[in-house]
Each structure stands twice: as C-alpha cells, then as structure tokens.
Amino acid sequence: MKTNNHSGFTLIELLIVIALLGTLAVALLAAIDPFEQFKKATDTGVRNTAQEFYNASIRFYAQRNGWPSQWAAAFTDTAGVQIGRGDPNDIVTGLVTSSELKQNFVELAEDQLDKIYVARQGESKLMVCFAPQSNSFLNADRNVKFTTVDLDVSGNPSTDASTTAGTCQVHGGAGPCYWCLY
C-alpha cells in the first residue's frame, strides 16, 4: 500500500494567516496615525522657522539698537502680522540685507511663512507665534498657552493664565492656541 505524504499548508491555514497579518497591519497603521505624524512634522518645521526669524530679529536689534526700517510700515499697532500674507519682504527684507537671515530664507520657508505671526510693541518688545495643528504640540508642548498673537498695551502677550475671557481650545476654552516666542 502506498501512502502519499504531502507537506504544506492548506488553503484555510493560509487565509487565516493572511487575515491575522491584515489585522496587525491595520492596528499598526492606526497606532502610528500618519496624518498626525504629518501635522507634527509641519509644526516642527514652522516652529524652527519661527525661531530662526525671532533670533535673527533679536540679533538685528541687539547690534543696531532698533528694528529694520521696513517694519515701520508693516507694524502700525500691536496687532500680529502674518509674515507670509501680502509681501513677506516687508518684514524679512531688512533681516536678509543685514545678513541676519540667509538670502534664500523666503524661498526656503515660503510654505511656512503663512503660518507665522509677528507682533511688535514699542521699541523693544517682539513676539513671534504660530498655531500648531498636531495633537502632540497642542497637548504636550507647554509653550502652547497663548490666546492671541497680539501684545497688549504693556507689551505682554495674553496667555491662558492672564486672560479672564477663558483659555484656548486645548485647555478648555473656545479660541485657538498659539505657540509663541517673546
């Protein structure tokens, strides 16, 4: 009598393994959340650009005891100005021509400049802000506490702790939250 001894997997076994691998792949994709990772990467880039702009502005002020002459027309009050709206050169040109920022700063940071706000109060107060989009920035970064991109008459920003109108959305309020340097 002959016996046929075939080794291998049955179709049912293969289908079960494929279903398990598919379930694991879906669970891994949900845990990683690619949209959140994209938002976090964008926020990191905008934060770095905001820091670079802020540091260049402070260096300019420290060396020349004043702000770039182009800022006189851009900052008419304490309201925050969006760098990338209109002509970004109004705000960036003086920093580029003084070599505080690279010549191609606007070109390299073009997509991020629309997200950055700058406010100036008097001769020595400067604030640079952006509204983060990722949950990791909004919930974990303690610098996301500002409720406006403007400075008050004393040159101070409004934070969750300083405003009586409430807090920003992340902290239970109604308004947007901002990450700011000042």
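In which sense do strand 4 (residues 144-151) and strand 6 (residues 178-181) pair, and over how many bridges? Select both: the pairing is antiparallel, over 2 bridges. Strands here are DSSP runs of E with at least two residues, helices are DSSP runs of H or I with at least four residues, and both are numbered from the N terminus. Two strands pair if DSSP finds at least two bridges between them.

Before going on, note that this is a predicted model, in which local features need pLDDT of at least 70, side-chain atom pairs count only at pLDDT 80 or more, and totals for chains, interfaces and linings use all residues. Residues are numbered from 1 along each chain as its sequence is written, and side-chain values use heavy atoms, with hydrogens and water left out.

**Stop 1: Phe146**

Now select Phe146. Its bridge partner in strand 6 is Tyr178, and its bridge partner in strand 5 is Thr159.

**Stop 2: Ser134**

Next, select Ser134, in the loop between strand 3 (125-130) and helix 7 (135-140). Is Ser134 buried or exposed? Ser134 has a relative accessible area of 0% and is therefore buried. The cut-offs are under 20% for buried and over 50% for exposed, with partly exposed in between (1.4 Å probe, protein chains only). Leaving out residues up to four places away in sequence, Ser134 touches Glu36, Lys39, Lys40 and Asp43; contact means heavy atoms within 4.5 Å.

**Stop 3: two loop residues**

Most residues other than glycine have a negative phi. Select Asn65, in the loop between helix 2 (34-64) and helix 3 (71-74). Asn65 is not a glycine, yet its phi is positive, about 55°. Asn65 is exposed, at 63% relative accessible area.

Then move to Ser99, in the loop between helix 4 (89-97) and helix 5 (105-108). Phi of Ser99 is also positive, near 65°. Ser99 counts as exposed because its relative accessible area is 60%.

**Stop 4: a patch on the surface**

Finally, select Leu11, Ile12, Leu15, Ile16, Ile18 and Leu20, which make a nonpolar surface patch of about 650 Å². Patch residues have over 30% relative accessible area and no salt bridge, and nonpolar side chains (Val, Leu, Ile, Met, Phe, Trp, Tyr) are joined within 5 Å, like charges within 9 Å. A salt bridge is a side-chain nitrogen of Lys or Arg within 4 Å of a carboxyl oxygen of Asp or Glu. Areas come from the Shrake-Rupley method with a 1.4 Å probe; for residues, only the protein chains shown count as cover. Ile18 is exposed, with 57% relative accessible area.
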